[in-house]
Amino acid sequence: MIAAHPHEASEALQALETCVLGVRRAAQRYAGFSQEQVDEIFVRTAAAMNRARIELARAAVEETGMGVLEDKVIKNHFASETICHAYRDARTVGEVGYDPVAGVRTVLAPVGVVAAITPVTNPTSTAIFKILLALKTRNGIVIAPHPRAARCTALAARLAAEAATAAGAPEGLIACLENPTLPLTQALMRHPAVDLILATGGPGLVKAAYASGKPAIGVGAGNTPALVDESADPQQVAASVMLSKTFDNGVICASEQALVIVDAAWDAVLRELARQGAYLVTGEDRERLRAVLVQRDERGQRLNPAIVGQPAAAIARQAGIVVPEGVRVLMAVADAVGPEEPLSWEKLSPVLALYRVGDWRAGIARCAELVAFAGLGHTAVIYTAEHHQDRVSAMAHAVPVARLLVNQPSSHGAIGDLYNQRLAPSLTLGCGTWGGNAFAGNVGVEQLLNRVTVTERRARMQWYRVPPRVYHGWGCLEHALTDLAERQRAVIVTDRTMVEFGYERRVRALLERQGLRVETFSEVRPDPDLATVERGAAFLRAVRPDTIVALGGGSPIDAAKAMWLLYEQPQAAFAAVAMRFMDIRQRIQRLEPLGAAAWFVAIPTTSGTGSEVTPFAVITGPDGVKYPLADYALTPTIAIVDAELAARQPRALTAASGMDALSHALEALVSVCATPFTDGQALDAVRLLFAHLPTAWREGERARAAREQVHLAATLAGMAFANAFLGVCHALAHQLGARFHIPHGVANGIFLPLVIRYNAAEAGQRQAAFARYDRPLAAARYARVAEALGLGGDDERARCELLARAVENLRRELQLPGSVREAGVDEAAYFAALDSLAERAFDDQCLGTNPRAPLIEDLRALYRAAWSGG
């Protein structure tokens with residue numbers, strides 16, 4: 001029922017409908033006003049409300065019977081003048097910010113129609129505050145006053161509406177329910193034309209606002225505790241508390257409800273409070289006071305409304321207590337907190353509970369208990385010396401409130417501006433999720449605006465990072481190692497092959513010639529696993545080198561990088577470092593730069609992995625899966641690219657590592673992260689490999705020039721993919737190699753022609769999301785490579801196919817298998833593993849920068865095609 005009779009209820013609903021729709025039409029017109037027009041209306045309305053501050057205060061006191069006239073005048077003054085000053089120059093219309101470099105602009109829009117619920121305790125000041133916020137933000141507003149403050153609130157709304165209309169606002173922008181009831185207020189909150197509820201009132205009404213199904217900003221109950229420690233100034237404490245607690249007879253929800261005083265300050269604080277007009281109620285009078293604070297009926301206990309906003313003497317009379325003349329605040333000692341202790345409640349009157357505690361830590365605990373009982377999220381106070389910032393911090397962490405005031409009267413301090421100008425002035429104090437509110441803080445214009453963020457397409461900063469020093473040239477090893485003359489102790493990380501063929505002995509001698517003490521860790525095997533890495537890291541910690549020299553192919557260099565990481569950052573967890581990331585700069589596991597304990601020198605003796613210049617390492621995890629580790633912290637300090645060390649590679653290794661280098665270059669060229677910095681190196685690497693790899697494979701160390709060009713090509717390809725990254729070919733090859741022990745370069749060679757055809761057909765398919773990659777480009781980039789190789793072709797499609805065939809021809813010339821079947825894998829085992837291979841490839845780190853974003857089914861199809869070579 002909305003009224004006493006159905007007819008009256010129907011009329012009330014019809015009036016509500018007319019009211020809300022009228023405000024909505026006015027708000028729609030107002031939404032088109034300029035900032036200048038809005039500011040004129042805002043300022044002139046604020047001025048009108050300021051002029052009416054006494055009239056409205058008198059009306060509020062006469063109607064509600066609560067509070068102090070002079071204090072309500074001050075609140076009306078604050079709500080008009082202070083709010084006007086705070087937001088006069090705030091930009092609330094249209095575009096308010098544009099960063100052309102970042103490509104971001106902000107446009108502000110009104111929320112629409114605000115349903116503003118106002119309380120009986122602060123009726124006119126709250127109405128003024130909410131009306132001014134609505135005007136400044138181009139919103140319409142319908143006020144639903146408390147039934148016991150209907151006339152004074154309606155007067156405030158009428159005066160504001162007249163002033164706003166006179167200043168140019170659309171007529172009907174501000175409205176107020178003339179005969180409010182709880183059901184009518186609930187109907188307003190549920191009305192389809194209402195866009196936002198701004199609720200200030202009792203807990204039940206605030207809960208109803210949140211239950212309405214509309215966006216709502218409500219405030220929770222206040223039950224402010226104030227902690228007083230032994231370092232506080234008793235005179236400042238008493239003056240502040242008395243100012244706050246007597247202001248408007250304590251009806252402000254932020255006013256102190258309990259003082260929590262440490263033993264050492266107890267006597268001095270109570271003495272000063274008594275001197276300033278507080279009276280300590282004891283004995284039987286205390287019990288009478290406790291009894292008058294609450295009412296008990298069939299619905300349970302509730303605050304006695306007869307004491308709200310009444311002077312101390314009147315409350316004493318209600319309780320049957322005789323107090324001296326001039327008493328302004330009643331105090332009583334409490335020991336407990338909870339429903340059965342009325343002194344621990346929010347009392348909204350000049351009645352103050354006193355709690356005595358042993359020290360400030362116990363005081364914080366008592367404050368937290370009071371807030372948890374009634375007042376979560378609202379306000380708390382601490383009185384302490386300025387140098388006790390640790391106590392302030394401890395209380396902020398322990399007491400769940402949106403406002404913690406230090407050495408301030410809470411009624412005045414919590415509403416902002418007066419005691420700290422950085423706290424926004426407000427008469428609606430949000431309590432956050434602690435208090436069941438959507439907002440923690442002092443409500444202002446920001447909460448009544450919709451914000452449109454306009455973002456133009458912008459690419460993130462890219463980079464080009466390689467080792468600070470890269471030495472290359474036939475026989476450069478000896479000279480390059482002179483850079484280590486100032487170092488003290490080195491560990492060579494290598495494999496048994498490098499030891500047996502004398503490479504380790506040769507590097508050791510050169511290092512010792514520079515004055516370094518040298519130890520060797522030679523336990524690295526192909527496809528190094530985590531256990532080997534951990535043994536190597538333990539070896540490094542025992543020797544404590546300032547230089548790590550990685551000597552060999554990709555396996556020793558990759559293993560040494562991981563050892564370097566665990567040596568310098570032993571807390572780094574392999575699972576975290578191996579975790580796949582979307583952006584190398586935003587990865588969850590952040591590594592600190594390496595090199596503080598040891599330089600890292602990479603000396604490749606194979607021509608393929610490029611690991612000597614990359615931030616990558618591939619390590620086999622405990623589950624048998626190959627995990628690419630990627631972080632620029634893993635970039636070597638020095639790379640020594642001496643082709644003479646790779647001249648005696650066996651044919652099979654030359655072919656496999658060369659095909660690996662070719663896949664690096666081609667994947668870097670079509671990567672979504674490719675840049676002009678990487679394109680040139682990748683394209684040169686492709687040209688050098690096609691031109692010289694067959695000769696290097698056929699003639700071995702006799703073809704010195706070819707060997708050197710292939711060695712350089714591998715490093716160039718490494719530099720390219722170190723910055724552009726890789727793609728689906730490597731994602732597929734990693735899983736195949738780990739599962740069936742196929743050399744990595746061989747696996748890449750099987751997939752590379754298939755991947756070229758797959759990526760070249762990206763138009764109309766899923767595309768990787770990367771700002772710089774704004775259209776399908778893989779086919780054009782492959783065609784560019786074909787042109788550079790002189791392969792011919794009449795169009796893009798033909799050139800892509802010719803490139804795929806050229807790779808197949810090169811693979812055939814190098815006598816590498818063209819299919820998984822040719823690589824000797826068991827057919828049944830392969831197809832049984834197909835689903836697992838595809839899923840693992842989908843989660844491979846290399847997949848993210850592939851130009852075409854594959855589905856798992858796409859990867860499965862590529863694996864199927866690879867069985868016979870497509």
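User: What makes a stretch count as a helix or a strand here?

Analyst: Both are DSSP runs numbered from the N terminus: a helix is H or I with at least four residues, and a strand is E with at least two. Keep in mind that this is a predicted model, where local features need pLDDT of at least 70, side-chain atom pairs count only at pLDDT 80 or more, and totals for chains, interfaces and linings use all residues. Residues are numbered from 1 along each chain as its sequence is written, and side-chain values use heavy atoms, with hydrogens and water left out.

User: Which strand gives the most to the lining of the second largest pocket?

Analyst: That's S12, with four residues. Helix H5 (123-136), helix H7 (182-190) and helix H8 (203-210) each supply at least two.

User: Why is leucine 348 called buried?

Analyst: Buried means under 20% relative accessible area (exposed is over 50%, partly exposed in between; 1.4 Å probe, protein chains only). Leucine 348 has 14%, so it's buried. You'll find leucine 348 in the loop between strand S13 (329-333) and strand S14 (351-357). Leu348 is also among the residues nearest the centre of the second largest pocket, together with Gly201, Gly202, Pro203 and Glu346.

User: What makes the phi of leucine 348 worth a look?

Analyst: Phi is near 45°, a positive value in a residue other than glycine. Aspartate 417 has a positive phi too, near 75°, and sits in the loop between helix H15 (410-414) and strand S17 (429-431).

Methods
On a 1 Å grid over the protein atoms alone, a cavity is a set of points where a 1.4 Å probe fits but cannot get out, and a pocket is an open set with protein on both sides within 12 Å along at least five of seven lines; lining residues have an atom within 4 Å of a point.
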